[in-house]
Amino acid sequence: MASHNVDRLAFMPVFRPDEEPRLRELLDAMERPVELVVALGPEETPLPGAGDFDFSAETVKIVEALASLSGRVTSRIKQQPDGVTLFPAVLVLPAGKDVGLRYYGTPYGYELASLFGAVLEAGRPAPSLTAESLERLAALDRELAIDVFVTPT
Amino acid sequence: MLLAYKAALASPRVTAAAIEAGEFPRLADEMNVWAVPSIAVNGVPQWDGAVPERVFLDRVLAPSFA
């Protein structure tokens, strides 16, 4: 039996109206622009209970809502870009450059804050890490792919 | 999650991905994800839970990933 989640979610705003001014302010203050690319392609079969939730459509909606908050953020959709194997995905590109920041899945609920944080961080001229951390990372002599499994609740 | 993104922004040798475990259950199973956040480095499961910046770097920069 199909649930009615889609009907209900269609009318839910991505951001609360009372929090939008602060979010706009943060994004407008970014020193470099950030591009968000929504990568779409074949999705994995969802777990029982996911119902009729359209992960790709919801991801597009969230990313476009985020980009609509500020001229410092742009978004576009790309079908199965090279190097992306899980869909939907969001690629976060500081100043339009792909430096390997990805969100695989739909960044809703608690994880919307992760995507927003990634955008703010990408909009900074330098990462907000300690000088010691930056030194250690600058000295890195091998490739590291860090995956962080998350849930929206 | 943000620490991983910051690390990727700080070094061209680092990439960082958040993966929604519920949307990719097969991958989450393969990586033995039982709790979140669950961190894997170079495809190998490492630890669960948020840690401070210094500890995070100690772990991801550990020589075992050389």
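Guide: Two residues are in contact if their C-beta atoms, placed from the backbone, lie within 7 Å. Keep in mind that this is a predicted model.

Visitor: Fine. What covers the buried residues of α3(A)?

Guide: The cover includes β1 (34-40), β2 (73-79), β3 (89-94) and α4 (111-122) of chain A.

Visitor: And which residues of α3(A) are buried?

Guide: Thr59(A), Ile62(A), Val63(A) and Leu66(A). They cover an arc of only 95° around the axis, which puts them on the same side of α3(A). An α-helix has 3.6 residues a turn, so residues three or four places apart point the same way.

Visitor: Step back. How many helices and strands does chain A have?

Guide: Five helices and five strands, in the order α-α-β-α-β-β-β-α-α-β along the sequence. Of its 153 residues, 31% count as buried.

Visitor: Now the largest nonpolar core. Which residues have the most contacts inside it?

Guide: Ile146(A) and Ala7(B), in a core of 57 residues. Helix α1 (residues 2-10) of chain B gives the largest share of this core, seven residues.

Visitor: What does Ile146(A) touch?

Guide: Leaving out residues up to four places away in sequence, Ile146(A) touches Ala4(B), Ala7(B), Val14(B), Ala16(B), Ile39(B), Val41(B) and Val60(B).

Terms used: Residues are numbered from 1 along each chain as its sequence is written. Chains are lettered from A and ligands numbered from 1 in the order in which they are written. This is a predicted model: local features need pLDDT of at least 70, side-chain atom pairs count only at pLDDT 80 or more; totals for chains, interfaces and linings use all residues. A nonpolar core is a set of buried Ala, Val, Leu, Ile, Met, Phe, Trp, Tyr and Cys residues joined through C-beta atoms within 7 Å. A residue is buried if 20 or more other C-beta atoms lie within 10 Å of its own, exposed if 12 or fewer, and partly exposed in between; C-beta atoms are placed from the backbone. Helices (H or I, at least four residues) and strands (E, at least two) are DSSP runs, numbered from the N terminus. The arc is that of the directions from the helix axis to the C-beta atoms.
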